[in-house]
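Let's read this model together, one feature at a time. Have the sequence and the coordinates open as we go.

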Amino acid sequence: MQELHDAPLAPLTTFRLGGPAQRLLTATTDAEVIAAVREADDSGTPLLIIGGGSNLVIGDKGFEGTALRIATKGFELAGTALELAAGEVWADAVARTVEAGLAGIECLAGIPGSAGATPIQNVGAYGQEVSSVITEVVAYDRHTRETVTLPSEACAFSYRHSRFKAEPDRYVVLRVRFGLEDADGLSAPLRYAETARTMGVEQGDRVPAAAARETVLRLRAGKGMVLDPEDHDTWSAGSFFTNPILDEEEHAAFLARAGERLGADVTPPAFPAGDGRVKTSAAWLIDKAGFTKGYGAGPARISTKHTLALTNRGDATTEDLLALAREVVAGVHEAFGVTLVNEPVTVGVSL
């Protein structure tokens with residue numbers, strides 16, 4: 001297991017931000033992951049788990065403790081059953097399932113990060129969520145000091161949330177198992193209007209899985225959501241804020257504020273979220289509050305391609321990024337009475 005001291009963490013994140021770790025370990029097997037976690041727990045050392053670094057905002061002072069980078073490998077496909085090691089690159093794994101003619105995660109193409117992070121965040125995009133295909137998650141339980149296998153129903157999945165996110169200091173994901181679909185090379189039914197429209201089909205239709213993946217990659221690239229070292233619009237964590245979910249009273253108040261600000265003929269985006277709740281669009285809120293694409297004068301700015309992405313233009317600090325995020329949160333709340341919640345995990349800092 002590789003060990004470094006006073007190790008830069010910024011290169012391990014898609015933001016390319018953050019100070020060094022007191023100690024950085026890189027684990028390439030499940031046994032190494034477990035040994036590193038146990039050592040930290042036994043010594044009372046603060047522990048930071050790093051996968052692909054695509055959902056991480058690390059403070060400029062860095063991390064006083066042990067950072068553990070999970071770099072395990074493992075792609076096992078048996079029929080429609082897929083098992084991925086936590087350190088597998090997610091975008092590569094999606095491509096391989098499509099090449100195998102299987103459906104279920106083709107619209108999650110191009111999402112940066114590692115496979116182990118997908119159940120934590122219940123990663124979703126373009127009408128698909130991993131919770132719909134995850135069958136089991138194998139994790140190390142830091143409370144019981146045992147390796148456990150959690151079936152999907154025990155993972156408490158909800159919108160961009162899970163049991164693992166709710167108990168961040170308990171579980172370390174080791175492997176993720178999926179149940180995919182053999183639809184003779186076709187995709188799962190397309191659930192996202194933009195994808196279907198771009199492909200010239202109706203929502204609910206199936207298309208070749210490879211074509212669905214390529215379409216999603218093009219759509220994501222057009223929004224700066226596919227990693228490109230030369231494009232500062234991709235020096236981000238993707239969507240920085242989750243789409244707000246409002247109860248009936250909150251939604252009514254929001255509609256009233258929107259009508260006052262934008263006129264009675266404006267209808268904000270609204271999607272059913274269960275139990276009488278409504279999900280609205282964070283991107284719409286940000287834009288209508290006056291934070292348009294490219295907003296900002298400093299080294300941290302809103303992406304020129306998508307209002308949901310906050311970006312490092314090359315020489316930003318984490319504090320530059322957080323200042324922009326706080327400005328957006330305050331502006332949206334002032335305009336519409338809705339409080340945005342950050343999607344990336346913050347380390348040593350907060351909004």
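**Salt bridges, strands and helices**

Q: How many salt bridges does a search of the whole structure find?
A: The search finds 19 salt bridges, each one a side-chain nitrogen of Lys or Arg within 4 Å of a carboxyl oxygen of Asp or Glu. Keep in mind that this is a predicted model, where local features need pLDDT of at least 70, side-chain atom pairs count only at pLDDT 80 or more, and totals for chains, interfaces and linings use all residues. Residues are numbered from 1 along each chain as its sequence is written, and side-chain values use heavy atoms, with hydrogens and water left out.

Q: Which residue forms a salt bridge with Lys 223, and where do the two lie in the chain?
A: The partner is Glu 194, with the closest N and O atoms 2.9 Å apart. This pair links distant parts of the chain, 29 residues apart: Lys 223 lies in the loop between α6 (209-222) and β15 (245-246), and Glu 194 in helix α5 (residues 193-199). Helices (H or I, at least four residues) and strands (E, at least two) are DSSP runs, numbered from the N terminus.

Q: Are Lys 223 and Glu 194 buried or exposed?
A: Buried means under 20% relative accessible area, exposed over 50%, and partly exposed in between (1.4 Å probe, protein chains only). Lys 223 and Glu 194 are both buried. For another case, take Arg 213 and Glu 214, whose closest N and O atoms are 2.9 Å apart in a salt bridge. Arg 213 is buried at 19% relative accessible area, whereas Glu 214 is partly exposed at 36%.

Q: Which residues are linked in a network of salt bridges?
A: The network links Asp 30, Glu 83, Glu 136, Arg 175 and Arg 177.

Q: How do I read the strand pairing around β7?
A: Strands of a sheet pair through backbone hydrogen bonds, either parallel or antiparallel. Here, two strands pair if DSSP finds at least two bridges between them. Strand β6 (residues 75-78) pairs with β7 in the antiparallel sense over 4 bridges, and Glu 76 stands opposite Glu 83. The two strands form a hairpin with 2 residues between them, and Gly 79 in the turn has a positive phi of about 65 degrees. β7 also runs antiparallel to strand β13 (residues 171-179), joined by 5 bridges, with Ala 85 opposite Arg 175. Because 4 of the 5 residues of β7 (residues 81-85) are buried, this strand is largely enclosed by the rest of the structure.

Q: What is the strand order in the open sheet of 4 strands?
A: The order is β1-β2-β5-β3, with mixed pairing. β1 (2-8) and β3 (47-50) stand at the edges with a single partner strand each, so one side of each has no neighbour in the sheet. Strands β2 (residues 20-27) and β5 (residues 63-70) pair in the parallel sense over 6 bridges, and Arg 23 stands opposite Thr 66.

Q: At what angle do helices α7 and α9 cross?
A: Axes are lines fitted to C-alpha atoms, for helices over the stretch in contact (heavy atoms within 4.5 Å), and angles run from 0 to 180 degrees between N-to-C directions. The axes of α7 (residues 248-262) and α9 (residues 318-336) come within 8 Å and cross at roughly 90 degrees. The two helices are therefore roughly perpendicular; angles under 35 degrees count as roughly parallel, over 145 as roughly antiparallel, 65 to 115 as roughly perpendicular and the rest as oblique. Residues that meet here include Phe 254 and Arg 257 in α7, and His 333 and Phe 336 in α9.
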